[in-house]
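Me: I have a structure open and some questions about it. Can we go through it piece by piece?

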Amino acid sequence: MKIQKVKKGILPVLLIAALYGIPFCVKNQYMLRIGVYVCIYSILACSLNLISGVCGQVSMGHAAFYGIGAYASALVAIHFGINWVVCVIAAAIAAGVIGVLIGIPALKLSGGYLVICTVGFGELVRLILLNWVSLTRGPMGLVNIPRPVLFGVTIKSGSQYMVVALTLFLLIYLILHNILNSKYGRNLKAIREDEIAAETMGIHVHREKVIAFAIAAAMAGAAGSLLAHYMLFISPTIFVGDFSTNILSMVVLGGMGFMPGSVIAATLLTVIPETLRGLDKYRMLIYGFLLIGLMLGKNVSWETTALGRWGAGIWGKIRQRRGLKEGDGKV
Amino acid sequence: MSLLTVSDVSKSFGGLAAVSHMSFEVETGQIVSIIGPNGAGKTTVFNLLTGFYTCDEGSILFDGEEISNLPPYTYVERGLTRTFQNLKLFPAMTVLENVLIGYQSCISYGRLDAVFHTRKKRQAEQKARERAMEILRDIEMDGYAKDRCMNLPYGVQKQLEIARAMVSGPKLLLLDEPAAGLNPQETDQLASFIQRLPGKGYSILLIEHDMSLVMNISDYIYVMDYGKKIAQGIPGEVQKNPQVIEAYIGKGGKSYVAGG
């Protein structure tokens, strides 16, 4: 039993070690930049997955919380000059509180009505960021956002920032993982499956939805803070409705309710547009086709295709070998 | 005092009186049935009892407390659970998860315990799993524990829904047509299963169309038609009641309600 437990724990540890290896091995600044974005987008995709995938409340306004977090964090840092850790917490609280305020009325709706409502909310936040010039400097954006200082070290280089981004991502992923593996995560799934039955089982459906929405919003806010102190400049054009759609496509591609899928999809949908940069003006066209292809390919039952059978065959052999080895060990 | 006392409850939708001046009682340890033709208002009564509809008038006393017009999620904690006429399971979740949701009000740990994966949470989850498996073994479904319930046969799903309603140990179990869609053999199994429940501390309020089931297992029967109570009594009395026969097959008919 114990050996099995250790074996089970080894894979995540190796994976995390490998991830932390990236900023130390990769010296290419461009690659590190992509790495930081993958971390930020993974936080966004995973947090949206909590409310849209796990709980079934599809939201198209996630970029708004990302923006609220980014502006809150930047403004706190610029005006008060306090430590970045406090800024992240402030960003998460700001986005979370607004998440509660919006969630209470909006989550009375469901399905298409909720989608439209969240689109409206996203647009509202973008327009406020654009027009509240005295606070946000409007279209000129916020500049001179201070770099994070942690333990007396100013986070300057790409690899340093990648370590910070990765740590925050892993922390958020762990929190989500723990929530999903608890009764609260199970209750969210039940709400997705059948609200009336969930209510009958004693789940306060509306409250659970609002709390999940607020948690997702707070996490997106933290991601926004990560972005602001990395770019050192933010403007309302980053937090547009298009970007909300992008995050949602990561969640859908990765599988609704499946957290590792969101991370993989966030990585794919960040890396693919970058690799296509050489295509110049055809880039977004090709990206669009690829997105359609990926979505179609996701719904193919791969076991039935030639490639799938071949893969399943190899996997079967590997498992067989492992099984034999384990058997030997027991004897 | 009765476990459940419904007195003079009415509910209308627009001009239609779905339930009017309905009164009935369930004693602890009893199996009480509500029967009546389609559209008589039986399910509306269940929805009034579980807070999905608000009563226009009347009162519902459960265990000495007024429970009408509360939010639906508060009834489990008071010891009142239900099943649905058309299955309402969580289809993409496993059988075990379904039962765990039924038990969720009894799993006590906070959100912070969940986030930090504390010992309290792990112990509570472990206990809940044991309790859920115990219930599944009781109905001989432990073999299905890890299957998604949408892949199960209909009869098994029906049983699972009852298990999900039972796992929190309610005082009163409301069963809405548990035998609908079951074959005669499954219905017999269900009958003996329900009959054993009062011995385990559950009281039952049952809506059912299968007359042989109702007549066999009920301690007391209420008959509804057009939202009104038209008769009540022990099974033998109800079978012979001319008004009941009339409601089911019209005037001049012979006793059809006589079941095995």
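Me: Are B:Glu125 and A:Arg186 buried or exposed?

Reply: B:Glu125 and A:Arg186 are both buried. Keep in mind that this is a predicted model.

Me: What do the side chains of B:Glu125 and A:Arg186 form?

Reply: A salt bridge joins them, with N to O at 3.1 Å. The pair crosses between chains: B:Glu125 belongs to helix α5 (residues 119-138) of chain B, and A:Arg186 to helix α8 of chain A.

Me: Which residues are joined with them into one network of salt bridges?

Reply: B:Arg129 is part of the network, together with A:Arg186 and B:Glu125, through salt bridges that share partners.

Me: Which elements of chain A give two or more residues to the side that touches chain B?

Reply: Those are α7 (158-180), α8 (183-193), α9 (195-200) and α10 (205-231) of chain A. The most comes from α8(A), which gives seven residues. Sorted by class, that side of chain A has 10 nonpolar, seven polar and eight charged residues.

Me: What area is buried between the chains?

Reply: About 2,600 Å² is buried between chain A and chain B, and carbon and sulfur atoms give 60% of that. The contact takes 25 residues from chain A and 29 residues from chain B.

Me: Where is B:Gln104 found?

Reply: In chain B, in the loop between α3 (95-102) and α4 (111-116).

Me: Why is B:Gln104 called buried?

Reply: Because its relative accessible area is 5%, and buried means under 20%.

Me: What does its side chain reach?

Reply: The side chain of B:Gln104 reaches the backbone oxygen of A:Gly202, at 3.1 Å. Leaving out residues up to four places away in sequence, B:Gln104 touches A:Lys183, A:Asn187, A:Met201, A:Gly202 and A:Ile203.

Me: Back to salt bridges. What does B:Arg82 meet in one?

Reply: B:Asp176, at 3.9 Å from N to O. That pair links distant parts of the chain, 94 residues apart: B:Arg82 is in strand β6 (residues 80-82) of chain B and B:Asp176 in strand β7 (residues 172-176) of chain B. B:Arg82 and B:Asp176 are buried.

Me: What forms a salt bridge with A:Glu193?

Reply: A:Arg192 does, with the closest N and O atoms 3.3 Å apart.

Me: New topic, the largest nonpolar core. Which of its residues touch the most other members?

Reply: A:Ile40, A:Tyr41, A:Leu44, A:Tyr66, A:Leu226 and A:Ile234, out of 90 residues in that core. A second, separate core has 42 residues, including B:Leu136, B:Ile162, B:Ala191 and B:Ile217.

Me: Staying with A:Leu44, what is it in contact with beyond its neighbours within four places in sequence?

Reply: A:Leu44 is in contact with A:His62, A:Tyr66, A:Ala220, A:Ala223, A:Phe243 and A:Ile247.

Terms used:
Residues numbered from 1 in each chain as written. Chains lettered and ligands numbered in written order. Predicted model: local features only at pLDDT ≥ 70, side-chain atom pairs only at ≥ 80, totals over all residues. Heavy atoms only, no water. Core = buried A, V, L, I, M, F, W, Y, C linked by side-chain atoms within 4.5 Å. Buried < 20%, exposed > 50% of the residue type's maximum accessible area, 1.4 Å probe, protein only. Contact = heavy atoms within 4.5 Å. Helix = DSSP H or I, 4+ residues; strand = E, 2+ residues; numbered from the N terminus. Polar contact = N/O pair within 3.5 Å; in protein donor to acceptor, adjacent residues only side chain to side chain. Buried area = accessible area lost by both parts, 1.4 Å probe. Nonpolar A, V, L, I, M, F, W, Y, C, P; charged D, E, K, R; others polar. Salt bridge = Lys/Arg side-chain N within 4 Å of Asp/Glu carboxyl O.
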